[in-house]
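My notes follow the structure.

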Amino acid sequence: MTRPVFTAQQLFTEISQFNQQLTDSYRTLQSLPECTVGPSPKDCIHTEDKLQLYKYRSEVKQSCQTPLLICYALVNRPYMLDLDKQGSFITRLTDSGIPVYLIDWGYPDAADRYLDMDDYINGYLHNCVEQVKHHSGQPKINLLGICQGGCLSLTYTSLFPDNIKNLITMVTPIDFHTPDNMLSHLIQQINVDLMVDTLGNIPGQMLNDAYAALMPMRLSLQKYLNMPAQCSTEQQAANFLRMEKWINDSPDQAGEMFREFVTQFFHNNGFINNSVQVSNQPVSLKQIRQPILNVFGRYDHLVPPAASKALNGLTASDDYQALEIKSGHIGVFVSQKSQQTVAPAISQWLTARDQ
Amino acid sequence: MSQHNQTPSDLWLEQQQAFWQALQSGQPTPPVSDWQTFIQQNPYRSATQNDELSQLLRDNQQLAAEFADLYRHFAAAQANTAHANNDSENLQTLVSGLHTLLDEKAASLFARNWQLSSLLNPKGQPNLQQWQQALDAFLQQLIRQADSLPDSIVSPGHKEQLHTFREHGQNCRDAFSALNEDYRQILEQTSANLTQQLEQHPPESLKHLLDQWTDCYEKAYSQRVFTPEYQSRHAAFNNSLLEIIKLQQSISQPFATGLVSQQAYQQSLKQQHKLRKQVRTQQQTIARLEQRLTQLETQLTGMTEPDKHPSGTESRS
């Protein structure tokens, strides 16, 4: 004889609780005060086309003389590092005495369709590095690249090694052909030339759809069924809303840059095959002798740990350190646990190498 | 609580409570509105959030409501079954029930992830068959559009392109059918995985069951996506869809209207970009030269400045 999996009483209790959470979250979200992001005070010190370079203010005595420039990915927006005061990765860095600068790439539009890797590396990134050097009065800077920004930072450091004192890569793909990289597997046979020739700039929404396709049910069914419980208090609801705003704020990608990045990294696995070129200049990671801190998430589904770990041994650095964080791609920056680990570890690592 | 003091959400909760109490005691259930209807009747309004965030919240609540109703309907169906016949419900029927419940929702998400939704918009909550019909209708319409173009406005180059149009349309349709089959197998595998898991770990709650289903779906989906066959079909679908969009763009070129062509527009953007690059390179060169000049000036000043050391030591330096 079989027995019922759930009794009517069990179901009644569960659904009553869910309904209550549903109405509570509805009320909480209705009455939520204005939800803002990027609370840390900052000044724009340089603009170029749509790019803005910020210096974060700090009242804390500097523990590190060399300024830190954060190079975020071109996909999504950098305010993920400063969503709210309490959980701000940036604030944790500035509070520990690190002078922080950040590149905001802006939103490319049709006029930026032909921006390529040369423009981003030799143009925008290089100009930002020079601006930070000038603004801080230091001959070199520390560079921190996040995800795709890590690839740009590695490329930059190998082309302009004299400008960089220490290099930090965070959730950065190095080996794009690891067997567990679903995004890379899905993009291998996509005709990127056809895509860029047809669409011009790549719509941000298309990238969001591609990311959602990596875990379709977890990012829909599970996420939305958990939403009422996650929005029951004002603080939780505000956190949820800020994260949703960030997820949906996805800039279009400059067409030529997208073509080059997909071809050189996703298709040709450029770092591993030593084939990356920027405007015909060969890029060799062996040019990098700087100390390197490589931070990655153990449960990262976008950039699997193996893709990041591959950096070990590819450069000429004799001071390479890997830091594995028990979280996912975004969790490395925003999860409560990571917040207590990651920024302090970076701060310590930089301070120890500031001689 | 008096009725006029109650908020719409209080009333909705009260209705739900009455419905579930009746269901639990085996009484006829009173009519009850679902959460999606509630959200439509009481849309999110906020004086504090900006338009963009308000819209985001409305979209989120709409999506959350779809899943919430799915969850509550399934719970109601399970409660009915549990009440009607305690002995008939088992894990297998639960798995089948979930399969049926989530089929359409999963299919809709599956299709959205192929970027189809940017081109097509079937009404309501489309299943895969409706997506297929919408795709067929779209392709037919494009073919008709291409066939109806007067020869006078179609260049020879474009005529040749139009020949490939049907081919891409067929490729697109074939890849879509193959992906449909993949999807069927993912769903079948999900049920098989879930059955196996439930035998070892019976669910503690309905929500736990849905979480288990999600885990099993992701596992089955991931296994399928990592096969070279799936990747080829996925690419074939996307590439043929892009070919079609490209052809559609070339067909709708505004030759006859006297407006600038897409080609000319792109050419001017390319030219503008080239100039932008030149200016940037020149600015960087100027900055380097200025730096060098400053260095040289400093060196020169050092060389020509009289030595500040006491006389007699100058010649030794």
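I started with strand E9 (residues 292–297) of chain A, and 6 of its 6 residues are buried. Buried means under 20% relative accessible area, exposed over 50%, partly exposed in between (1.4 Å probe, protein chains only). Helices (H or I, at least four residues) and strands (E, at least two) are DSSP runs, numbered from the N terminus.

I noted the basis too: this is a predicted model, where local features need pLDDT of at least 70, side-chain atom pairs count only at pLDDT 80 or more, and totals for chains, interfaces and linings use all residues. Residues are numbered from 1 along each chain as its sequence is written, chains are lettered from A and ligands numbered from 1 in the order written, and side-chain values use heavy atoms, without hydrogens and water.

Next, the faces of E9(A). In a regular strand, side chains alternate between the two faces of the sheet. I found A:Ile292, A:Asn294 and A:Phe296 buried on one side, and A:Leu293, A:Val295 and A:Gly297 buried on the other.

Then the pairing, which needs at least two DSSP bridges between two strands. Strand E6 (residues 164–170) of chain A runs parallel to E9(A), joined by 4 bridges. A:Ile168 has A:Leu293 as its bridge partner in E9(A). Strand E10 (residues 320–325) of chain A is also parallel to E9(A), with 6 bridges. There, A:Phe296 partners A:Glu324 of E10(A).

Last, helix H14(A). Its buried residues are A:Ser338, A:Gln339, A:Val342, A:Ala343, A:Ile346, A:Ser347, A:Trp349 and A:Leu350. They lie on the same side of H14(A) because they cover an arc of only 165° around the axis, taken from the directions from the helix axis to the C-beta atoms. On the other side, I found A:Lys337, A:Gln340 and A:Gln348 exposed.
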